[in-house]
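The sequence and the structure are shown first.

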Amino acid sequence: MKKYGWLLFLAFWLCLIPSFHKAEAAGVGLFLDGERLNVSGDATGEMVNGKVMVPLRVIGEELGYKFEWEPKEYKVTVHKSNTDISMYVGRTMAYVGKKEVQLDSPPLLRGSSTLVPLRFVGEQLGLSVKWDNAGKAVYLQKLAADDADKDSDSKADEPGTDPDKGTDTDTDAGEHAHEVYGIRFSDGQLTVLADEESEPNVFTMTGPDRIVVDFPNVEFSEELNDQYTKESDGTRAIEADGDEDVQLLRFGQFDGSDPAARIVLVLNSAKGYSLAKEEGEYVITLNDSPGESPGESADEPVNEPVPSNPAEPSGEDGRWLIVLDAGHGGKDPGASSITGRTEKEFNLAVALKVQERLQGDPDVELVLTRDGDTYPELEERSSLANSLNANIFVSIHANSMPKTATGMLANGSETYYTRADSKELALVMQKYLAEATGFKDNGIKVQNLHVTRETKMPAVLLEAGYLSNAGNEAALYSEETQNRIADGIVNALREYLDL
């Protein structure tokens, strides 16, 4: 989303995500112009999956806005002057007037209230936002007109700083428009969460061997800094959990001629790397090819090819173990169709039909990530497959595009994969999926998706068709097409496993 003028000033304050790890929702106090808002039990602010979520109706009504709720589409519209702001529960796509925008977290329901990400409240309702991490409270302040027009895109420039060291990042809020708010290193992968508009520069250094990741004109969030002790040189350290290739991970603000949020992997020996990204999540994967430059996930698989088709079945009685994932579910409806039906409904229907076909199969043991309207987190889905040492992971989805003329014409089936060892499975799956739906064959695509990246076996994500397309939608919700897709998935598995 483009941010101009006062939006740049607000962006620093609005990236309020204090933890990289998923956390249980916790109550958050709400204050507007210094006065505590008295809200009902189902309309309090919450910390959900590291995002500060606030009740839209409570905040909006305090500011004098009117609302409209459309239950069939899980849609809430805020009527603001001559502009309507529309959001959908469970979807990160929203509209300000006719302009499409992306939220950093999808709205969710709590009783009769709709919670929306704090960033969006500040940007669209004209508020200055501050987060009190110690008191777990949100302080909202109405902006004066002159405050709203400020452009605080100033940049520090202090040449000569040691390129491996940082400086104190507790600087004035106006100096950086964007933030890095999460860092993790495990299993040879550095994962960084940052604003979607950030673009990292990745390069290697020697003496000792290092991989450096710079996010130009970006700061580390206050909450991330608070998690780690600052050393005398201004950096903060994260242990590499006994990784044989990495001695230490350091991060700190680099105030050289090109200011940046800098992350350094100190290596035991020279390593290569590849870079993949998806919606503000950046993954640097180490490999054994020193000097390799990062590849784009849209064109190249994340890892080097490894043999497909594991030699040994991992299921009971010598059967191949397959984990089948019905995407979304429960509190997360997924995409909404043009007639108001949900993606989660389609995904589960197909998964259950595949289960029916494979029950009692002497060659295959099938495990579902969900068999009802529940919502396993993405980490739970991939962890289940890994803990079972599954042979194959398949995630079922349906696609959608914005309700524009172009979006309504979007059509076809496609299969996504992340690692090179999944390409063969993707090719076989796509062949049967396109044949089953009869839609346009959009082929296979590489994308850095959690369930296809974090699983440790060949893994694919199927997008059967577009719920935003009238023809695709009508077919996808028909028993006939769902049966054909289920048959296609079973036949693809049998061909891939050479059964």
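The sections below go from the whole chain to its cores, then to selected elements and residues.

## Basis of the description

This is a predicted model, in which local features need pLDDT of at least 70 and side-chain atom pairs count only at pLDDT 80 or more, while totals for chains, interfaces and linings use all residues. Residues are numbered from 1 along each chain as its sequence is written, and side-chain values use heavy atoms, with hydrogens and water left out.

## The chain as a whole

The protein chain contains twelve helices and 29 strands. Helices (H or I, at least four residues) and strands (E, at least two) are DSSP runs, numbered from the N terminus. Of its 499 residues, 56% are buried. Buried means under 20% relative accessible area, exposed over 50%, and partly exposed in between (1.4 Å probe, protein chains only).

Contact means heavy atoms within 4.5 Å. Among contacts between residues at least 6 apart in sequence, 66% join residues at least 24 apart.

## Nonpolar cores

In soluble globular proteins, nonpolar side chains tend to be buried together. A nonpolar core is here a set of buried Ala, Val, Leu, Ile, Met, Phe, Trp, Tyr and Cys residues joined through side-chain atoms within 4.5 Å. The largest such core in this chain has 42 residues, and those with the most contacts inside it are Phe-346, Met-429, Ile-485 and Ile-489. Two or more residues of this core come from each of S24, H6, strand S25 (364-368), S26, H9, S29, H11 and H12. Apart from it lies another core, of 27 residues, which includes Phe-251, Tyr-273, Leu-275 and Tyr-282.

Beyond its neighbours within four places in sequence, Ile-489 is in contact with Val-350, Val-354, Ile-396, Met-429 and Leu-462.

## Helix H12 and the segment after it

Helix H12 (residues 479-496) has 18 residues and should span 26 Å at 1.5 Å a residue; its end C-alpha atoms are 26 Å apart, which agrees. The expected span is 1.5 Å times one less than the number of residues. Buried residues in H12 include Thr-481, Gln-482, Ile-485, Ile-489 and Tyr-496. The buried residues of H12 pack against strand S24 (320-326), helix H6 (343-358), strand S26 (392-399), helix H9 (423-437), strand S29 (459-466) and helix H11 (470-476).

Asp-498 lies in the segment after H12. Its phi is near 60 degrees, a positive value in a residue other than glycine. Asp-498 counts as exposed, at 68% relative accessibility.

S24 pairs with S25 in the parallel sense over five bridges, and Leu-321 stands opposite Glu-365 in S25. Two strands pair if DSSP finds at least two bridges between them.

Ile-338 is found in the loop between S24 and H6 and is partly exposed, with a relative accessible area of 30%. Not counting residues up to four places away in sequence, Ile-338 touches Leu-467, Ser-468, Asn-469, Ala-470 and Glu-473. Pro-362, in the loop between H6 and S25, is exposed at 65% relative accessible area.

## A five-stranded antiparallel sheet

An open sheet of five strands runs in the order S16-S17-S21-S20-S19, with antiparallel pairing. Strand S16 (201-205) and strand S19 (236-238) stand at the edges with a single partner strand each, so one side of each has no neighbour in the sheet. S16 pairs with strand S17 (residues 210-216) in the antiparallel sense over five bridges, and the bridge partner of Asn-201 is Asp-214 in S17.

Asn-217 is found in the loop between S17 and strand S18 (218-220). Phi of Asn-217 is near 55 degrees, a positive value in a residue other than glycine, and Asn-217 counts as partly exposed at 22% relative accessibility.
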